[in-house]
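Please take the sequence and the model together, and follow the chain from one region to another as the paragraphs below move through it.

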Amino acid sequence: MTVVDAHHHLWDLAVRDQDWIAEGSPIRRDFTVDDLAAETRAAGVDRTVLVQTVTVAEETPEFLALAAAHDLIAGVVGWTDLTSPAVTDELARLRELPGGRFLKGIRHQVQGEPDPEWLLRPDVLQGLAAVAAAGLVYDLVVLPHQLPACAKAAALLPQLTFVLDHLGKPPIASGALDPWTTDLRALAALPNTVAKLSGLVTEADPAHWTVDDLRPYAETALDTFGPDRLMWGSDWPVCRLAASYGQVLDATRQLVGTDTRIFGATAGRVYDL
């Protein structure tokens with residue numbers, strides 16, 4: 001089977017600072033395609049989806065060019081200003097750039113928006129409709145308290161596929177399940193929603209996490225979304241704060257087995273890889 005890593009990042013600090021990374025952090029360094037290729041080769045991963053990191057317009061064209069130059073990267077989830085009146089034109093422009101055919105989705109750092117219902121603003125909904133009209137999907141990077149707005153947005157835009165990154169960042173470190181479980185079930189009840197088993201190790205205790213710490217959250221996701229609407233992502237190199245690339249993959253296999261849908265087919269279908 002083709003194994004797909006549906007969520008990872010790359011950055012070059014000489015090109016652009018990643019100001020969300022703390023000074024002294026082990027991930028405050030460059031992470032290149034060559035670094036990624038070494039990890040994926042060792043883990044037996046065939047293709048990847050490169051996901052935006054910062055809300056800077058220049059990053060997406062850079063990522064598209066990387067995808068055009070490297071067979072490993074099969075798709076890009078980029079960023080554009082959803083609130084712009086010109087969002088439709090901007091999506092079309094991105095598609096015309098070198099590597100534009102690799103643009104598969106759009107993401108915004110909703111987790112950083114103080115308004116828990118940012119997704120429901122009229123200008124944002126209009127932007128999301130433009131994403132759907134362009135044949136793209138929308139990745140949700142949100143905190144647990146923002147999940148209800150995700151479900152409302154998905155209900156309002158049945159023509160758009162919403163992909164929940166990192167299972168909505170459940171409070172694994174505390175062991176709490178509610179209201180995250182209730183809100184995740186409400187989102188999963190909508191047929192145009194998909195979720196990623198990604199970013200879980202960094203929501204646990206980074207220094208002392210175990211597979212059993214992650215299990216209730218992974219099992220809830222598997223029960224609510226099912227393997228046809230779940231995909232695996234490493235969240236590399238952010239995962240390095242808690243685990244290596246291989247450890248993340250191994251932990252996910254311990255949690256959900258080796259289902260080819262979770263480890264490739266779902267991502268291939270959703271992102272049209």
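Predicted model: local features only at pLDDT ≥ 70, side-chain atom pairs only at ≥ 80, totals over all residues.

A residue is called buried here when its relative accessible area is under 20%, exposed when that value is over 50%, and partly exposed in between.

Asp-223 lies in helix H7 and Arg-185 in helix H6, so the pair ties together parts of the chain that are 38 residues apart in sequence. Elsewhere, salt bridges that share partners join Arg-107, Asp-139, Asp-165 and Lys-196 into one network, and the count of salt bridges for the model comes to 15.

Two further pairs can be set beside that one. The side chains of Asp-123 and Arg-121 meet in a salt bridge with an N to O distance of 2.7 Å; Asp-123 is partly exposed, with a relative accessible area of 25%, and Arg-121 is likewise partly exposed, at 31%. Arg-28 forms a salt bridge with Glu-23, for which the closest N and O atoms are 3.3 Å apart. In this pair Arg-28 is partly exposed, at 22% relative accessible area, while Glu-23 counts as exposed, at 68%.

Helix H7, which carries Asp-223, deserves a description of its own. The helix comprises 15 residues, 211-225, and spans 20 Å from its first C-alpha to its last, which is close to the 21 Å expected at 1.5 Å a residue. H7 is followed by Gly-226, a residue whose phi is positive, near 75°.

Where does Val-238 have its place in the model? Val-238 sits in the loop between S8 and H8, and it is buried, because its relative accessible area is 13%. When its neighbours within four places in sequence are left aside, Val-238 is in contact with His-9, Trp-11, Trp-20, Ile-27 and Thr-202. Val-238 and Arg-29 are 209 residues apart in sequence, yet their C-alpha atoms are 11 Å apart in space.

Five of the five residues of S1 are buried, so the strand is largely enclosed by the rest of the structure. Three bridges join S1 to strand S2 (residues 47-51), and the two strands run parallel; within this pairing, the bridge partner of Val-4 in S2 is Arg-47. Together with helix H1 (residues 33-43), S1 and S2 make a right-handed β-α-β unit.

Conventions: Residues numbered from 1 in each chain as written. Heavy atoms only, no water. Helix = DSSP H or I, 4+ residues; strand = E, 2+ residues; numbered from the N terminus. Expected span 1.5 Å × (residues − 1). Salt bridge = Lys/Arg side-chain N within 4 Å of Asp/Glu carboxyl O. Buried < 20%, exposed > 50% of the residue type's maximum accessible area, 1.4 Å probe, protein only. Pairing = 2+ DSSP bridges. Right-handed = clockwise from strand over helix to strand, strands pointing away. Contact = heavy atoms within 4.5 Å.
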